[in-house]
Amino acid sequence: MASPPATSKTTNLEGYNTTKFLAASTKLLFRLTLLVALVLSFFFTFNNRPVSNGTTGSHRVLTTTHLSYAFYGSAASWEKEVRRSSTPRRVNGFSVLVTGAGGFVGTHCSLALKKRGDGVLGLDNFNSYYDPSLKRARQKLLKQHEIFIVEGDLNDGVLLSKLFDIVPFTHVLHLAAQAGVRYAMQNPQSYVRSNIAGFVNLLEVAKTADPQPSIVWASSSSVYGLNTENPFSESHRTDQPASLYAATKKAGEEIAHVYNHIYGLAITGLRFFTVYGPWGRPDMAYFFFTKDILLGKPINVYRTHDGKEVARDFTYIDDVVKGCLGAVDTVEKSTGKGGKKQAPAQLRIYNLGNTSPVSVDKLVSILETLLKVKAKKHIIKMPRNGDVPFTHANVSLAYKDFGYKPVTDLSTGLKKFVKWYVSYNGIKPRVRKGITGSN
């Protein structure tokens, strides 16, 4: 019988080669892993600095995911733009973070602050509640005046912490909010997310900032809800909101009290009364009335369920801006440090209105005169959507504390709005032609 082949030498050789191959592969894999780790370490070290999360001794790393929407170019150029925009140019000027800077009131306040030499940094998420192109046009206007808007959301605490790490803001003018009474019936969560959660997130970052900023923020006349006393005064009841929007604003006032009481944040709330004017919001009646009248479309004019006219305390934007700046100038410094209250802090609330309610019918009549076009009106009863039939502001407290005094009547203010509207939409020649040829 033949002997079996000798295999021991072959087996040993194959085992040696296998061992050698595995060792080489392991060494190569280790080197590749080390290389990748070094590259990632280099990337995060030079593109992301640690950000305080409000807890002593702990930090969060700001990843590129959080700032992918905020960086304009490199991290260094973005930070440079943030610092440049927020640096005041006048002696003892303020450094103000304006949230909702791409919005109606935010744009006008940012321009006014910058004009007088304060540093202004904007923050806006450019949501699509109404046409974002209008917000982008406002952003372009602010850029022309060297005001930079960071594109981000109030609920991004990491981004907010980053901004407060870069800039020692003296003030926050908090105007960002989900606006509109009727939209709350379609998307209630957006109001909770922005007007409550977003506000809390901002206050959480502000309470641990060093220095703590003073805060002025936008509440609303809607908080008066079912109140029947007139004119509306800051001492009147605000515990009967008629809409979810009003409820979130009222919640904001209570939240402001908590952060003032516990953390020493100096906070001033401003209750706006139907603000209108150039660069205004398209969801407001005066705005879409103008649009529809020019297009020959019918407009709905509301009556109360007992047949009375609906009236509003229409307040021109320039008057509101003066009130906002008056509040910024007179708000005291916050008293907290390291997230702890050191002394009692200022807490205020004011009406900013025009003190002269005008019916919606009168508003339409003024627009008809300015546009030289007869409106096609449908008179209908107010739907039960949270709108209130009447607003009237008592502004004596704001006048006493910082000289707030509205001076623009509705006819004058609407004339300025219409002039802007036809120019912005490129329809001025057509309107002029209508003026000479209409009744």
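A salt bridge here is a side-chain nitrogen of Lys or Arg within 4 Å of a carboxyl oxygen of Asp or Glu. R136 and E151 meet that rule, with side chains 3.0 Å apart, N to O.

## Basis of the model

This is a predicted model: local features need pLDDT of at least 70, side-chain atom pairs count only at pLDDT 80 or more, and totals for chains, interfaces and linings use all residues. Residues are numbered from 1 along each chain as its sequence is written, and side-chain values use heavy atoms, with hydrogens and water left out.

Helices (H or I, at least four residues) and strands (E, at least two) are DSSP runs, numbered from the N terminus.

## The sheet

Seven strands form an open sheet with parallel pairing. Their order is β5-β4-β3-β6-β7-β8-β15. Two strands pair if DSSP finds at least two bridges between them. β5 and β15 (347-352) stand at the edges with a single partner strand each, so one side of each has no neighbour in the sheet. Neighbouring strands are turned by 20° against each other on average, direction ignored. For such angles, axes are lines fitted to C-alpha atoms, for helices over the stretch in contact; angles run from 0 to 180 degrees between N-to-C directions.

Inside the sheet, strand β6 (residues 171-174) runs parallel to strand β7 (residues 214-220), joined by four bridges. V172 stands opposite I215 in β7.

## Helices on the sheet

Helix α4 (residues 104-115) packs on the sheet. It touches β3 (95-99), β4, β6 and β8 (267-272), where contact means heavy atoms within 4.5 Å. The direction of α4 makes about 170° with that of β3. Helix α8 (residues 244-263) lies across β7, β8 and β15. Its angle to β7 is about 155°.

Strand β4 (residues 119-124) runs parallel to β5, and four bridges join the two. D124 has E151 in β5 as its bridge partner. Together with helix α5 (residues 132-144), these strands make a right-handed β-α-β unit. Right-handed means that, with the strands pointing away from the viewer, the path from the first strand over the helix to the second runs clockwise.

In a regular strand the side chains alternate between the two faces of the sheet. Strand β5 (residues 148-151) is covered on both faces. F148 and V150 are buried on one side, I149 and E151 on the other. Buried means under 20% relative accessible area, exposed over 50%, partly exposed in between (1.4 Å probe, protein chains only).

What does E151 meet in a salt bridge? Its partner is R136, at 3.0 Å, N to O. R136 lies in helix α5 and E151 in strand β5, so the pair ties together parts that are 15 residues apart in sequence. R136 is partly exposed, at 33% relative accessible area.

## Other salt bridges

The count comes to 17 salt bridges. One of them pairs R84 with E81 at 2.9 Å, N to O. These residues are three apart in helix α3 (residues 75-86), which means a separation of about one helical turn. R84 is partly exposed at 32%. E81 is partly exposed at 30%.

R303 forms a salt bridge with D361, the closest N and O atoms being 2.9 Å apart. This pair links distant parts of the chain, 58 residues apart: R303 is in strand β10 (residues 298-303), D361 in helix α11 (residues 360-371). R303 counts as buried at 18% relative accessibility. D361 is buried too, at 14%. R90, R116, D118 and D329 are linked in a network of salt bridges.
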